[in-house]
Amino acid sequence: MFGNYFKVAWRNLLKNKVYSFINIAGLASGMAVAMIIGLWIYDEVSTNKHFKNYDTVYQVMMNQTFDGVRGSQEALPYPLGQELKTKYSDFKAVAMCDWGQRHSLVYKDKKINKAGHFLGEEGVKMFSMNILAGDQNPLHEPYSIVLTEETSKILFGDENPIGKTVKLDNQTNLKVTAVVPKQPKNSSLQFDFLVPFQVQESIYDWVKLYHKTNWGNNSWQIFVQLNDNATETAVDSKIQNVVLSHFTDDNTMKVIKPAVFLHPMSKWRLFSDFENGKNTGGFIKYVRMFGILGLIVLLIACINFMNLSTARSEKRAKEVGVRKAVGSGRKELISQFLSESILIAALAFIFALAIVFFTLPYFNKLTDKEMTMHIKEPVFWGIMIIFTLLTGLLAGSYPAFYLSSFNPVRVLKGNLNAGKRSSVPRKILVVLQFASSVVLMIGTIVINQQIQYGKNRPIGFNNKGLISVDWSDDIRKNFDAIRLELLSSGAAVSVSQSNSPPSQIYSNNNGWEWPGSNPVEKTVVFSTIATAYDYVKTIGVKLIDGRDFSRDYADSNGVVLNQAAVKRMNLKNPVGTRLKWNDKNMTVLGVITDVQMESPYRKISPLTIIFNKEWVGVLNIRLNPNMSASQALALMKPIFEKYNPAYPFEYQFADEQYAKKFNYEELVGNLAAIIAILAIFISCLGLFGLASFTAEQRVKEIGIRKVLGASVLNLWQLLSRDFVILVLVSCAIAVPIGWYGMNKWLTNYEYKTHIGIWTFVFVVSIAIIITLITVGFQAIKAALANPVKSLRTE
């Protein structure tokens with residue numbers, strides 16, 4: 001029986017090739033979108049699930065109140081790790097970790113710059129790393145290093161790396177104790193190498209001198225694994241006041257009130273946002289949003305099938321009448337029509353699979369993923385079969401019940417026409433279809449407007465022709481010589497040092513006091529840049545009052561403020577004002593314009609620039625504007641090879657680093673744009689099919705009107721009018737929905753664009769133009785047809 005159903009379905013497909021193509025193309029596009037988004041969602045929700053201890057690993061975090069605002073942070077004091085490890089029995093493992101940065105690795109004549117972490121010994125087992133070669137507890141030895149397979153291949157080629165010595169940053173010899181695989185891209189822990197956490201104490205004097213016993217400096221990460229009988233809630237209550245207990249006599253810390261808590265690995269990626277000390281979600285909102293959008297696109301494709309199937313009901317009416325007359329029941333007819341829709345869905349799935357196969361590499365590049373179709377896994381095919389069946393049933397359900405409901409007596413007498421009411425469901429579906437597409441168009445445009453709004457925001461400094469080079473001990477020793485040679489070579493016009501690159505802020509500090517401030521205001525957080533000479537000149541910031549640090553003065557207690565800091569301190573004549581920072585007397589030397597170094601969508605934070613030659617991490621270089629960048633870099637390379645021989649000459653352009661701040665929004669915008677374009681394409685396919693059928697259905701009417709003198713323009717207007725009205729109704733529904741949804745999305749940003757009326761005028765105009773083009777082709781084709789051919793049977 002079912003074989004017969006599919007045989008009839010196949011014949012109908014071949015008989016109506018144009019409509020079959022439209023149905024299959026529409027469903028294939030919708031299914032491809034749903035599959036790609038499904039793969040993306042699966043990758044997102046699978047983040048970190050490759051770790052065996054996924055359910056018991058947590059990151060330690062801390063809530064603190066600054067300037068009356070309760071915030072949450074991952075940065076923690078150095079001694080907290082040891083205290084959690086020794087004083088609390090709830091933890092199976094505790095591992096401290098730095099934030100990760102690039103370091104030089106040298107083996108014989110090979111030198112590379114790679115990103116790595118200083119990680120506590122227990123971190124390897126905690127993160128269930130697969131040891132490919134070497135010691136199963138590789139960070140136990142104090143001067144050891146764990147390499148990824150990729151890093152090992154670069155340094156050692158086909159040699160066995162275990163036991164060999166690698167020099168870190170041209171100063172510390174480390175023995176390779178293990179090789180591990182590179183982490184997948186959907187892992188929160190990314191590295192090219194790992195070094196024992198305690199090695200920092202011997203490499204960096206500042207760690208041992210300023211951080212090891214300092215409970216007030218929050219510069220480290222801590223990861224823990226709970227014992228089997230421990231719970232997150234119970235442990236939170238135990239460790240909540242562990243930091244505060246070390247500040248019993250500090251009134252400022254009583255206002256800040258640090259409270260330690262655990263954040264589970266399952267929430268690191270998708271639930272990373274906090275507000276007022278509470279987890280409020282995060283990237284999960286985009287996972288949900290694109291999941292809904294994928295379903296909407298699939299629904300639009302199914303609506304195409306429904307509309308074309310019901311619109312062509314007259315073509316199938318007599319078949320239904322005859323089948324019912326010879327004894328077929330409604331269930332059998334429903335089964336037949338569902339079989340047809342499932343067959344079309346199956347054919348569409350084949351094409352959708354091909355679309356996904358060819359577009360997935362591009363999509364991976366767009367989203368920075370490593371997604372693959374798991375075609376060798378039975379589970380994948382099981383899901384795909386269910387997906388195809390559900391799509392076929394969804395698309396074919398309404399047509400099956402609609403067509404099987406025909407009265408055989410009326411059908412065989414030729415009285416099928418039910419008047420205008422018969423087209424009402426189709427019109428409703430077309431309105432829903434286009435309303436969804438218009439909402440997506442509005443969303444895409446507003447997202448791109450927001451991106452452009454951020455890009456057009458004045459940043460307060462000149463990031464063109466500005467590069468930064470990571471600091472090293474050799475650069476520190478030879479800084480003056482490097483600076484002089486860069487300037488004398490003509491490649492650079494200014495050189496400075498700082499603790500963070502030009503487009504980022506690495507440090508934020510409280511503890512500032514100013515004239516008229518009260519004790520609570522010591523909790524106000526100021527962004528901090530530590531530098532020496534020529535920073536303002538090198539970065540290209542406008543100095544609006546006073547001066548920069550100068551070699552002609554003793555400026556070690558000087559500070560330069562931005563306008564936001566002056567405003568926050570309410571200073572009328574800032575230059576020369578005496579301030580205090582953690583009880584150290586400071587003097588305001590100058591004021592610069594506000595500079596945008598953090599998120600381009602947030603208000604500019606108050607900034608303090610302090611003089612500190614030791615607290616550095618970056619060398620900033622302003623390239624000669626009268627020389628091409630390639631020429632300048634070519635002149636710089638031998639200078640760095642001379643004074644910084646253990647490092648390859650690597651640099652970052654400030655404008656490129658600033659552009660990366662828009663990656664998050666551009667990803668959302670690109671995904672939304674792709675979905676919107678495909679939704680419109682699928683809607684247009686359906687509209688084209690309906691227009692074709694309408695023209696076919698009214699061919700005799702068109703012929704009579706033409707004989708009576710109707711022009712091509714009159715006939716085009718006649719056939720296009722109904723579709724334009726439906727699209728206008730769609731826009732009337734979509735515009736308020738789009739306005740509400742995108743206004744709500746914009747509330748996530750402090751610095752945001754305004755949704756003007758012209759956005760909606762543009763979208764509505766585009767929708768009408770697309771409709772006229774889509775319908776117009778069929779309308780003009782029908783209007784130009786010879787009326788003799790359409791009327792000769794009369």
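These legends walk you through a few close-up views of a predicted model. Residues are numbered from 1 along each chain as its sequence is written, local features need pLDDT of at least 70, and side-chain atom pairs count only at pLDDT 80 or more, while totals for chains, interfaces and linings use all residues. Side-chain values use heavy atoms, with hydrogens and water left out.

**View A. A nonpolar patch on the surface formed by I375, W381, I385 and L389.** Together these residues have about 360 Å² of accessible area, from the Shrake-Rupley method with a 1.4 Å probe, where only the protein chains shown count as cover for residues. With 52% relative accessibility, I385 counts as exposed (over 50%; buried is under 20%, and partly exposed lies in between).

**View B. A cluster of rings: W40, F283, Y286, F290 and Y664.** Ring pairs link these residues; rings of Phe, Tyr and Trp (its six-membered ring) pair if their centres lie within 6.5 Å, and planes under 30 degrees apart count as stacked, over 60 as edge-to-face and the rest as tilted. The structure holds 30 aromatic pairs. In one, F283 and Y286 have ring centres 5.6 Å apart and planes at 45 degrees, so this pair is tilted. F283 is buried at 6% relative accessibility, and Y286 is buried at 3%.

**View C. The charged end of R457 over the ring of Y751.** The distance to the ring centre is 3.9 Å; a charge sits over a ring if NZ of Lys or CZ of Arg is within 6 Å of the ring centre and within 35 degrees of the ring normal.

Terms used: Patches are made of residues with over 30% relative accessible area and no salt bridge: like charges are joined within 9 Å, nonpolar side chains (Val, Leu, Ile, Met, Phe, Trp, Tyr) within 5 Å. A salt bridge is a side-chain nitrogen of Lys or Arg within 4 Å of a carboxyl oxygen of Asp or Glu. Buried means under 20% relative accessible area, exposed over 50%, partly exposed in between (1.4 Å probe, protein chains only).
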